[in-house]
Amino acid sequence: MGVFITLFTKEFLKTKAYSNWIDKVLYFIISVYAILALLIVIDIYFYQYLVLFGMPSMLFLLFVGVYSLIKKVPLAKFYVIAISGYLIGLFMIAAVNLGLIPFNNITRYGFLIGSFIELSVFSLA
């Protein structure tokens, strides 16, 4: 999932046009996600590394959105709203998987609600 949202970010915000270093960092994030996906197939133990890498990389995607907003990229405001909803859900499910917060109905469906917010906002953009 991280590979695809990072690729989507690159295309949606046209990162190559306004920031070469951000584009290179996004390629690095995609590479790490791909390597972790292969390692998880070998041993499920690597899933925890995927969760731990997912948190900072998704925060970086939020940073990219805010940076794009500052650079006046036309669709950046939609991106920041959408990715914020997604991040809330993502961090909620990651915290449950790491045992930081208890599993209940709110944490169980929080990721779906965040994904729904993201989907709704991107469909408007």
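Helix 5 and helix 6 meet through F78, Y79, I81, A82, G85, Y86, G89, L90, M92, I93 and V96 on the helix 5 side and I106, T107, G110, F111, G114, S115, I117, E118, V121 and F122 on the helix 6 side, where contact means heavy atoms within 4.5 Å. By class, the residues of this contact are 14 nonpolar, 6 polar and 1 charged. Nonpolar covers Ala, Val, Leu, Ile, Met, Phe, Trp, Tyr, Cys and Pro, charged covers Asp, Glu, Lys and Arg, and polar covers the others, Gly among them.

The model is predicted, with local features requiring pLDDT of at least 70 and side-chain atom pairs counted only at pLDDT 80 or more, while totals for chains, interfaces and linings use all residues. Residues are numbered from 1 along each chain as its sequence is written, and side-chain values use heavy atoms, with hydrogens and water left out.

Helices are DSSP runs (H or I, at least four residues) numbered from the N terminus. Axes are lines fitted to C-alpha atoms over the stretch in contact, and angles run from 0 to 180 degrees between N-to-C directions.

| Helix pair | Axis separation | Angle |
|---|---|---|
| Helix 5 (residues 76-97) and helix 6 (residues 105-124) | within 8 Å | roughly 165° |
| Helix 3 (residues 20-42) and helix 4 (residues 47-70) | 11 Å | about 160° |

Helix 5 is roughly antiparallel to helix 6, a term for angles over 145 degrees. The crossing of helix 5 with helix 6 is left-handed, that is, the near helix is turned anticlockwise from the far one by less than a right angle.

Helix 3 and helix 4 are likewise roughly antiparallel to each other, and helix 3 passes helix 4 in a left-handed crossing. Helix 3 contributes W21, I22, V25, L26, I29, V32, Y33, L36 and I40, and helix 4 contributes Y47, Y49, L50, F53, G54, S57, M58, F60, L61, F63, V64 and Y67. This contact has 19 nonpolar residues, 2 polar and no charged ones.

D23 also lies in helix 3. D23 has a relative accessible area of 3% and is therefore buried, the cut-off being under 20% with a 1.4 Å probe and protein chains only. Leaving aside residues up to four places away in sequence, D23 touches K10, T15 and K16.

K10 is one of the buried residues of helix 1, together with G2, V3, I5, T6, T9, F12 and L13. Their cover includes helix 2 (15-18), helix 3, helix 4, helix 5 and helix 6. The 12 residues of helix 1 (residues 2-13) should span 16 Å at 1.5 Å a residue, and the end C-alpha atoms are 16 Å apart, which agrees. The expected span is 1.5 Å times one less than the number of residues. K14 follows helix 1 and has a positive phi, near 50°.

Key
Helix = DSSP H or I, 4+ residues; strand = E, 2+ residues; numbered from the N terminus. Parallel < 35°, antiparallel > 145°, perpendicular 65-115°, else oblique. Buried < 20%, exposed > 50% of the residue type's maximum accessible area, 1.4 Å probe, protein only.
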